[in-house]
Amino acid sequence: MRFLLADNAGCGYRSVLRNPLGELMTGLSWGLVGGGEGSQIGFTHRAGAELDRKFRLAAGAFDIQPTRSRAFGAGLGLNPKRVYGDWREMLAAETRRQDRLDLVTVATPNASHFEIASAFLNAGFHVLCEKPLTTTRETARQLSEIAAASGRICAVNFGYTGYPMVRQMRGMVQRGELGDLRLIKSEFAAGFLADTEIDKNPRVGWRFDPEKAGVSFVMADMGSHALHMATFVTGRNVSRICADFANGVAGRRLEDDAWVAFRLQGGIIGRLWVSGVALGRTHGLTFQLFGSKGGLSWKQEHPEQLQWTPLGEATRILERGSPHLHAEAQRANRITEGHPEGMVLAFANIYRDLAEAIASDQLEHSTDSANWAFPDVEEGRHMVDAVCAAAESSAEGCRWLRLS
Ligand code: NAD
């Protein structure tokens, strides 16, 4: 993670509280842009952010329609003065407050991320932006520069990295347990786009519109999670990519299926299939990593279990919550082994790491930043580069393209 925390004197932050063990207790103030009634991801953010009571939802511009935004905020019991019809109104009013927001989450359609995230960063707010960070390489580069100049955190919500067993995979790689890394095979293939009626749903329709979604639908929306997981677990960036974007349903403006070959730094082979027309599949994110000393296999639909096959030994199942896991997986664990956790708790782990980072800044108290695992703006930028390169590769007849 690379971010600089600037001197926040004069920003009027609320003080945060620590218990006698030095752990952050409560008190960070949180705002949400997007994520309104009926949105796909709003609930998971609200549930995840507030789970540990480290963030408290204080303000929001929740919906593209001002009346719906106000009604939604009222339904959540927020102070009506801090429920806004528009994010610009929210930015102006929240910037003037003494009890400023400590973090703003941007959970709007993709093409609006750049303008909203950069405006809040420029005004001195820490930001958690939904993926994809932006829709073009240029805006991703600019946002990374804006974040660096602001000295604020700009995190990107690759939320699956919050799962304990994903962090366990990373821990195993870092400790050399897989040996030389050779091959990644990943899928994010679901069937939710199989019925063309779904295209009329406004929650899905914008994703096929290049003006709102960018150069890609399923690769940006789903594939970027899988590709990011490859970089997160291995610690290596994508060096080359080759993609075939296709349409199972003719006439859609962006792809509903993609096959992607890639290489990570160091020559690790990558194979990825992304789809929305795989009828019968539900969520469909799977991740397999094969090294010289063993192989790992993880499925988002069964996130508690990680299949591990050491070379020459029988396959075993590592269980979330087991005392045998590495420290980073233990840290992300909340509930006793055998009681299912899930996606909300994965998001909560991202928010908890952000709370630690923000509180550490405010208290000038250095928590061990090695524990924080939230994806940062550079990771978001790298994924935008990869998605854009994949779209270009496909348009050029599946030509291999190098990433800088
Ligand atoms: P959605 O269409 O279901 O909901 C979008 C919400 O944002 C709606 O409430 C809409 O009214 C509101 N909105 C739109 N423009 C706005 C604006 N200018 N100001 C304020 N509110 C506005 O979309 P979604 O599925 O919730 O996706 C939102 C973002 O989250 C996308 O970038 C998507 O890629 C991302 N996402 C991430 C994950 C994940 O696992 N990290 C999962 C789903 C979606």
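**Close-up 1. The buried residues of helix H6.** A residue is called buried here when its relative accessible area is under 20%, and the views that follow are all taken from a predicted model. By that criterion the buried residues of H6 are Pro164, Met165, Val166, Arg167, Gln168, Met169, Gly171, Met172 and Val173. Because 9 of the 11 residues of this helix, which spans residues 164-174, are buried, H6 is largely enclosed by the rest of the structure. Just after H6, the backbone at Gly176 adopts a positive phi of about 75°.

Close-up 2. Arg352 belongs to helix H11, which covers residues 343-363. Although Arg352 is buried, it has no salt bridge, and the nearest side chain of opposite charge, that of Asp353, is 4.7 Å away, whereas a salt bridge would require a side-chain nitrogen of Lys or Arg within 4 Å of a carboxyl oxygen of Asp or Glu. When its neighbours within four places in sequence are left aside, Arg352 is in contact with Asp52, Lys54, Arg331, Ala332 and Arg334.

**Close-up 3. The largest cavity and its lining.** The count of cavities of 30 Å³ or more comes to 1, and the largest cavity holds about 60 Å³ of space. Its lining includes Pro132, Thr134, Thr135, Ala213, Gly214, Val215, Ser216 and Ala220, together with Met383, Val384, Val387 and Cys388. Helix H12, made up of residues 377-395, gives the most to this lining, with 4 residues. Sorted by class, the lining of the largest cavity has 8 nonpolar and 4 polar residues, with no charged residues.

Note on methods:
Residues are numbered from 1 along each chain as its sequence is written. This is a predicted model: local features need pLDDT of at least 70, side-chain atom pairs count only at pLDDT 80 or more; totals for chains, interfaces and linings use all residues. Side-chain values use heavy atoms; hydrogens and water are left out. Helices (H or I, at least four residues) and strands (E, at least two) are DSSP runs, numbered from the N terminus. Buried means under 20% relative accessible area, exposed over 50%, partly exposed in between (1.4 Å probe, protein chains only). Lys and Arg count as positive and Asp and Glu as negative; His and the chain ends are not counted. Contact means heavy atoms within 4.5 Å. On a 1 Å grid over the protein atoms alone, a cavity is a set of points where a 1.4 Å probe fits but cannot get out, and a pocket is an open set with protein on both sides within 12 Å along at least five of seven lines; lining residues have an atom within 4 Å of a point. Grid points are joined across faces, edges and corners, and a volume is the space filled by probe spheres set on the points. Ala, Val, Leu, Ile, Met, Phe, Trp, Tyr, Cys and Pro count as nonpolar, Asp, Glu, Lys and Arg as charged, and the others, Gly among them, as polar.
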